[in-house]
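Open your viewer and keep the selection panel at hand. Each stop below names what to select and what is there.

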Amino acid sequence: MDINHYLILSALLFATGAVGVIFKRNVISLLLCIEIMLNAANLSFIAFSRFLGQVHGQIFVFFVMVVAAAEAAVGLAIAIVLFRNRETLSVDDADLMKW
Amino acid sequence: MTDFLWLIPLFPLAGSAVNGLFGRRLPKSAITLIACGAAALSFLLSCSIFLSLLSLPPQQRHIIQSYFTWIESGDFVARAEFLLDPLSAVMLLVVTGVGFVIHIYSIGYMHSENGYYRFFCYMNLFLFSMLILVLSANFLLMFVGWEGVGLCSYLLIGYYFERKSAGDAGKKAFIVNRIGDVGFVLGILLVFVTFRNIDFGHVFQSIASDPADFPVEAGVGILTAIALLLFVGATGKSAQIPLYVWLPDAMEGPTPVSALIHAATMVTAGVYMVVRCSPIFSRAPIALEVVAVVGIATAFLAATIGLAQRDIKRVLAYSTVSQLGYMFVGAGVGAFAAGIFHLMTHAFFKALLFLGAGSVIHAMSGEQDMTRMGGLRRHTPITFLTMATAALAISGIPPLAGFFSKDEILWRAWSGGHSALWLIGLATAGLTAFYMFRLVFLTFYGSERFSEDVRRHLHESPRSMTIPLVVLMILSVVGGFVGLPPWLGVTNQFEHFLEPSLALAVQSHPAAQSHSTEVLLAGLSVLVALTGIYAAYRIYVARPGAAQALAARMQGLYRLVFHKYYVDEMYDAVLVNPAVGGSREVLWKAVDVGIVDGAVNGVGSLMRSAARLLKGLQNGLVRSYASWILLGAVAVILYLTLAHN
Amino acid sequence: MEALVFYTLGAIALGAAVAVVAFRKVFYSALSLILCLTSVAGLYLLLEAPFMAAVQVIVYAGAIMVLFLFVIMLLDPFSGGVHPDKRKYLRVLGPALGSIMLLLLFPMLQAYDLAMAPRSPDASPEAVGSVENLAMVLFDQYLLPFEVTSVLILVAIIGVVVLAKRRT
C-alpha cells in the first residue's frame, strides 16, 4: 500500500469532519466532528511514521491524543454549563459574542 | 557715541513692550511718561550721534555697527547691521524729531480715549520699525523694518476697531502694501542672485567700481529690472500710482497717526529706499524715467482730486500723495539730495497741517467736513496761524521751507532737460497752492456754517497740542535754510552734507546754466503759487457762492474729480470682486469644502461603510466562524497547490 | 491481502464518519464515532503501530467516547434538531467548502512522492513501531513534553470541575 492511499483517506476523513463542524447544530455533535478531524490527522501522522521509518510521528499522535482528551473534557463541561443556563444545546442560540 | 546706535531703536521698542504688556493697568501719566520718554530719548540720542558724525571728516562719515549674524545659509548672509551715514542721519533726525513732537501732541489729542495705552504702544512700535528701516545696512533688515511699519500702520489705522470702516481701511492699507512688497521682495532676491550678497556696501561697491576689483558684471538690464522691482515696492509704501488708493482711506485712523505715519515718515520710506539705492537707479536710466513719470503723474492726479474733497483730512491725504510724487520726480531726474530735502521739509509742514487739522477737528467736536466749518480763525487763533504758515510753506512761498525744496526739484527737472516734467510740476504747484488755501479759507474764513451745539464747545486746543504746532511752524519757516540754492551765493549745505551717501551714484550735474535762469524759474513758480492762492481767495472768500456755481457749470468734471476718478470702484470691479468671488466660489466652496473636507469626511465615511461591512462578520455564530476558518484553510491549500506548480 | 484490509477498514471508517455527520440524533452520532475510531485503530495496526492502536482503543474509543456518552445521556440524548436552521446558507456552504478542499488536496496527495522525503534507511517498521522503541524515544527525547502534558491534564481537570460545578 502506498502512502498516498492513506493520505487520501485521511483527507476524506478530515473533510467529513470539517463539513460536520459547519453542518451540525448540536454542541456535542460539533465536538464529535472535531474528534473525527483529529483522528484524520493522527492517521496521517502514523502513516508517515510507518513509511518514513521514523517513530516521531507516533510520539506526536500520543500527544495529540492527550490534548484531544483534555479538550473533549473541557468542551463537554462547557456544553453542560450551556445546557444548564439556556436549556438548549444549539450553538446558534449561543450568539452573544457579536458586535 | 556711535557705539550707542543700537539704543535708538531700542528705547521705543522697550516703551512699546512695557506699554503693551502692562499698559492696561498703568495710570495715564505712566503710559505717557514711558512712551514719550522713549521717543525723547531716541531723539536726544539721535541728535548727539548726529553731532558726533559732524565731528568726523566727510570721507569718514560711513560707520557700520554689526551686532550679530542673523541668517547664514550658504552664500546668503544677513547680518543685524546698522549703517550710519549722512542719509541715515538725516532720516534719524526727521523720524525721531517729528515723532517726538507728535507724541507730545497725542497726549492731549488722545486724552479721552479708552485705548490710550494701546495707541502709544503701537506708536512706539512704529518708531522702532521705522528706525530699523532707516538704520539697516542690508536689504533684508530694511525689509524687516518695512514690514514692521506696514504692520503698525494697519494697527493704527484700525485703532478705532469698533468702526467697520476703520477695520476695512486698515486691511486695505495692509493688502495694497503687500502687493507692492511682492515687487520689493523680488527685487531683493534679484539683487542676491546677481551679487550673491545683500549688504548695501558690498552691492553698491560692486556696481560702482571697476569690474576688475569685483567679480560681478552687472549689466544695465539687470539693474533696470532690480530698480523697477524695488520701485514697485516703493509705489506701495509711498502711495504712488497705482498703489496709492490706501492712503486716503487711512485717514480713518486718529489724526496723530495720519501726521506721523502717513505724512512724515512711513510713506517716505519708499523715497528713502530709492535714494539709498541711488547707485542702482542712477545706472538704470529707464528705471529713473519710470520713477519720474510715475511721480509727476501721481503728483498731478492727486492734486486734482484734492481740489474737490470736502473732508479736511482727505485733502491733506491727497496732498501727501502729490508731494510724494514730487520727491520721486526729484529722484527720477537724478536729484536725490533734492528729493530727501523735500522729504524733510514736507515732514515739517505736512505734519503741522495734519496736527492742525486734528486741532480743528478737536475744536469742532469731531466734525471733519469743511463745508460745515468756517470762520474759525477767531476761535482757534494759534491753530489758524500755524496752519496758514504751513499752507504758505507747502505752496512754495519764500522764504519758507517748501519754496527751497520744491524749487530745487523743479530746477533740476528743467536743467536736466525734462521740460515736460517741469511744466507739469509747475502746474501742480499751482494746484497745490489752490487746494491748500481752499482748505484754509473754507475752514478759517467766511461765515460760520456750524450748529449752535458745536459753537458752544468751540475752544482752542490745550497747550500740549498747540506747542507742537508752534514747534513745527518754526521748523517749516527755517527748515529750508539748510538747503539754500547757489544763486543766493552760498553752497547748498544740505546737498553737500549728503554727498558721501550719494557718492556711488552716477552724478548728474546739471548743465552749467547761469544762475539767472534758475532765479527766473524760481520767480515763475512763486508767481504760479500766488495765482493759485488768489484764485482760492476769489472763489472761497470774496464771492461765497462762486464755488457751487463753478461746480454746477462743470458738473461732469466735478463729479469725476470728487469721486477720485472712480479708481477705487475700478479696482473693486476688476481686481477685488473677481478675487473675492473666485475665492468664495472656487477656493472655498469647491476646493476647501468640496475637495479637502470631502476627502477628510470621505475617509471617515469610507471607514464607516467598511466597518459596517466587516461588522457582519462578527455575528456570534460559531458555525460561520468555523466556515471562515475552513475557507482560510482552503485558501492556504490553494496557495500551496499553485506554488508547487 | 493488505489492500483488501485497507479498503475494508477505510470504507468502514469513512462510512462511520459520514454517519456521524448524517445522524440527527446525537446518540447515534456518538456510536458511529466509536465505530470510526475502532476502524482507525485497525488501520493503525495495518501500519505497524500496535501500541498506538491499543492506545486508540483504550483511550479514545474507550475513555473519551464513554465520557461523551455520559454527557449525552445526561443532557438530551434523543433530541434531533428541533429548532429550525437559522442560517440555511451554511448547509450549502459547508459541503461546498469541503468539496473544494478535497478537490484541491487530491492532486497534491496523489502526486506525493515518498522518494523525495527524508527517510531513515535501515530500521524495519516493526522495530520502529514497537513498544520498546516508542518508550525509548518518549522518555528520552520527549521527556519534557511528557511532563508538560501532565500539567495540561491537571489544568483540564481543574477547568472541568470549576466549569461544571453547580453554583449554589
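**Stop 1: chains C and A**

Select chain C and chain A: zero salt bridges are counted between them (a salt bridge being a side-chain nitrogen of Lys or Arg within 4 Å of a carboxyl oxygen of Asp or Glu). The model is predicted, with local features needing pLDDT of at least 70 and side-chain atom pairs counting only at pLDDT 80 or more, while totals for chains, interfaces and linings use all residues. Residues are numbered from 1 along each chain as its sequence is written, chains are lettered from A and ligands numbered from 1 in the order written, and side-chain values use heavy atoms, without hydrogens and water.

Now show polar contacts between chain C and chain A. Eight residue pairs qualify, both at pLDDT 80 or more. The rule asks for a pair of N or O atoms within 3.5 Å; within protein, one must be able to donate a hydrogen and the other to accept it, and residues adjacent in sequence count only if both atoms are side-chain atoms.

Colour the chain C side by residue class. Facing chain A are 62 nonpolar, 14 polar and 10 charged residues. Here Ala, Val, Leu, Ile, Met, Phe, Trp, Tyr, Cys and Pro are nonpolar, Asp, Glu, Lys and Arg charged, and the others, Gly among them, polar.

Next, the extent. Contact (heavy atoms within 4.5 Å) involves 86 residues of chain C and 70 residues of chain A. The two chains bury about 7,000 Å² between them, 76% of it on carbon and sulfur atoms. That area is the accessible area (1.4 Å probe) that two parts lose on being put together, summed over both.

**Stop 2: chains B and A**

Switch to chain B with chain A. The contact takes 11 residues from chain B and 14 from chain A. About 1,000 Å² is buried between chain B and chain A, 65% of it on carbon and sulfur atoms. Salt bridges across this interface: zero. Polar contacts: two residue pairs, both at pLDDT 80 or more. Select helix H26 (residues 622–644) of chain B, which gives the most to the side touching chain A, with six residues. Helices (H or I, at least four residues) are DSSP runs, numbered from the N terminus.

**Stop 3: inside chain B**

Zoom to B:Ser322, in helix H14 (residues 312–332) of chain B. Is B:Ser322 buried or exposed? B:Ser322 is buried, with a relative accessible area of 0%. Buried means under 20%, exposed over 50%, partly exposed in between (1.4 Å probe, protein chains only).

Definitions and conventions. Helices (H or I, at least four residues) and strands (E, at least two) are DSSP runs, numbered from the N terminus.
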